[in-house]
Amino acid sequence: MPKITFVDHAGTARTVEGVAGSTVMEAAIRNNVPGVDAECGGACACATCHVYVDGEWAAIVGPAQDMEQDMLDFASDVRATSRLCCQIRITPELDGLTVTTPARQG
Ligand code: FES
């Protein structure tokens with residue numbers, strides 16, 4: 001199963017098993033990863049699953065689509081590699097993906 005690493009704002013890394021076909025947000029919630037709130041449950045309606053995709057992975061993961069981009073307006077400290085991780089579908093190619101969670105959600 002693809003491994004996903006979440007690094008919190010303090011630099012602590014947690015690597016979890018992702019399930020292909022599910023989302024990076026679901027991997028975080030299933031494994032109690034702190035820093036991902038996901039209040040809307042993955043409907044792209046809350047922006048509390050905001051993460052920064054690590055530089056080398058940004059091109060592989062790709063950019064946010066229009067609806068996600070609109071929702072990112074509600075996140076704080078948005079950067080070029082910001083994504084809502086409920087919108088990142090896990091594929092075998094994402095094995096090793098690293099994302100960083102922001103200091104706060106919302
Ligand atoms: S979980 Fe709400 S936007 Fe991702």
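Predicted model: local features only at pLDDT ≥ 70, side-chain atom pairs only at ≥ 80, totals over all residues.
Which residue in β2 stands opposite V7?

Residues are numbered from 1 along each chain as its sequence is written, and side-chain values use heavy atoms, with hydrogens and water left out.

First, the overall layout. The protein has three helices and five strands. These are DSSP runs, numbered from the N terminus: helices are H or I with at least four residues, strands are E with at least two. Along the sequence the pattern reads β-β-α-β-α-α-β-β.

Next, the overall form. Along the principal axes, the C-alpha atoms fill a box of roughly 30 × 25 × 25 Å.

How much of the protein counts as buried? The figure is 46% of the 106 residues. Buried means under 20% relative accessible area, exposed over 50%, and partly exposed in between, with a 1.4 Å probe and protein chains only.

Contacts now, meaning heavy atoms within 4.5 Å. Take those with a separation of 6 or more: residues 24 or more positions apart account for 65% of them.

Back to the opening question. V7 stands opposite A13 in β2. Strand β1 covers residues 3-7 and strand β2 covers residues 13-17. They pair in the antiparallel sense over five bridges; pairing requires that DSSP finds at least two bridges between the strands. Together they form a hairpin, with five residues between them. In the turn, G11 has a positive phi of about 100°.

D8 is in that loop between β1 and β2. Is D8 buried or exposed? D8 is buried, at a relative accessible area of 15%. Setting aside neighbours within four places in sequence, D8 contacts R14, T100 and T101.

Now another loop. P92 lies between β4 (82-84) and β5 (97-100). P92 is exposed, with a relative accessible area of 57%. What does P92 touch, not counting residues up to four places away in sequence? The answer is P2 and A20. P2 and P92 are 90 residues apart along the chain, yet their C-alpha atoms are separated by 5.7 Å.
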